[in-house]
Amino acid sequence: MPELPEVETTLRGIKPWICGHIVQQVQIHNRHLRWPVPDSLAKILTGQRLQELRRRGKYLLFDFPPGTMLVHLGMSGSLRLTESTAPLRKHDHLQWTFENGSSLRLEDPRRFGCVLFTTDPFSHPLLKSLGPEPFSSTFNGNWLYQQAARRRVAVKILIMDHRVVTGVGNIYACEALFNAGIDPRRPCNRISEQRYQRLAMVICSTLEQAIRAGGTTLRDFHQADGRPGYFTQLLQVYGRNQQACLCCEQPIRQVVIGQRSSYYCPGCQK
DNA sequence: CTCCGATCCTGATGGC
DNA sequence: TGCCATCAGGATCGGA
C-alpha cells in the first residue's frame, strides 16, 4: 500500500515526536518480516539519539550515531505513535520507546515490510539502485524519455520501476497517467518527449496533492495519529471500474498490466 | 540488458 | 456457517 505520499505522511506525523530524542527501549515482538529484523538492533539503538529522520523513495531512514535504521512498509505496514503501555495488536511487530515518553509501533499484517540496519545507507543494496526522487531537479520529462527509449514495456510499468523514479506505486501510477491523459498500456518507447514532460509534471502534482490529503487509505494505512488518508475521496480512476469518468462520463475500465490491476478512462487516455 | 513469472504473507470478499 | 478461490497498496529473485 504505502507509496511515496503515505511514507511522507508517516514521516511528517512521527518526526516531531521522536527526532532528537533518545531510544530507551526497542522491543522486537516478531522478527520475521520480508527479511529477518537483525537481532543486534535493540543493543545498537538503545541509548542512542535519533539525529535525523529522512525519506528516500518508499524507505524511511532513521539516522543514529552508529548508523541508519531502514524501514520499508511493504504492502500493509504502518507506523503509529502510541502510549507505550497500550495493548499490543495482533500484527504489532516492533516498538521503539523514547526517553520523552513517545512510543512508535510498526504494524504489518502481511509482513512484506522490513526493518534493517546499515552503517552506509546509500550504498545499501536496497537503496543504491533507486532512481531520482520525483521532486528532485534530475527528474523531468527528458529523463523519462531517455529511460523509455531502450525499453518496450507499458508506460505504467516504466513509471512504477524504482530505477526510473522512486515512490510511484500502483495507485499513483494509475492516477498520474489519467491526469496526463496517457493510456497506461501504451508502449513506453512510443510516447513523445512532450508527453513525457507533461507526465513528469503530473506525477509530481499528483503526489503533492496526495501528501496534502494525508495519503490514501484503502485498508491498512493510517496516519501516525491513527486518522485515515483522505486522498481516497480524490481518486479519479483507481478502484472505480465501470463507474463514470469524472471528466467525460465514459465508464472506467480495469485491465491487468504486469499482473497488477490497472484503471483508466478510454475517453480521456490515449 | 530487458522482461516475465513466481514468491513472500494475512485478510477481506464473494460464490456455492 | 463453512470452505474455497481470488484479489490486495511492494519488490526481489531467477531464468529466458
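A crossing of two helices is right-handed if the near helix is turned clockwise from the far one by less than a right angle, and left-handed if the turn is anticlockwise. Keep that handy for the exercises below, which all use a predicted model.

**Exercise 1. Work out how α1 sits against α7, and which residues do the touching.**

Step 1: find the two helices. α1 covers residues 4–18 and α7 covers residues 193–212.

Step 2: get the geometry. Their axes come within 9 Å and cross at roughly 40°. Angles under 35 degrees would count as roughly parallel, and roughly perpendicular starts at 65, so α1 and α7 come out as oblique to each other.

Step 3: check the hand. α1 passes α7 in a right-handed crossing.

Step 4: list the contact. From α1 you get L4, P5, E8, T9 and R12, and from α7 L207, A210 and I211. Sorted by class, that's 5 nonpolar, 1 polar and 2 charged residues.

**Exercise 2. Now take α4 against α7: how far apart are the axes, and what is the class make-up of the contact?**

Step 1: α4 runs over residues 141–149; its axis and that of α7 are 7 Å apart, and the packing angle is about 120°.

Step 2: at that angle, α4 and α7 are oblique to each other. Their crossing is right-handed.

Step 3: α4 brings G141, N142, L144, Y145 and A148, while α7 brings E193, Y196, Q197, L199, A200 and I203. Count them by class and you have 7 nonpolar, 3 polar and 1 charged.

**Exercise 3. Zoom out to the domains of chain A: how much area do domain 1 and domain 2 bury between them?**

Step 1: The domain assignment puts domain 1 at 4–128 and domain 2 at 141–264.

Step 2: count the contacts. 19 residues of domain 1 touch 17 residues of domain 2.

Step 3: read off the area. The two domains bury about 1500 Å² between them, with 63% of it on carbon and sulfur atoms. On the domain 1 side, P5, E6 and T9 supply 34% of the area buried against domain 2, more than any other three residues.

Methods. Residues are numbered from 1 along each chain as its sequence is written. Chains are lettered from A and ligands numbered from 1 in the order in which they are written. This is a predicted model: local features need pLDDT of at least 70, side-chain atom pairs count only at pLDDT 80 or more; totals for chains, interfaces and linings use all residues. Side-chain values use heavy atoms; hydrogens and water are left out. Axes are lines fitted to C-alpha atoms, for helices over the stretch in contact, and angles run from 0 to 180 degrees between N-to-C directions. Helices (H or I, at least four residues) and strands (E, at least two) are DSSP runs, numbered from the N terminus. Angles under 35 degrees count as roughly parallel, over 145 as roughly antiparallel, 65 to 115 as roughly perpendicular and the rest as oblique. Contact means heavy atoms within 4.5 Å. Ala, Val, Leu, Ile, Met, Phe, Trp, Tyr, Cys and Pro count as nonpolar, Asp, Glu, Lys and Arg as charged, and the others, Gly among them, as polar. Domain bounds come from an automatic or database domain assignment. Buried area is the accessible area (1.4 Å probe) that two parts lose on being put together, summed over both.
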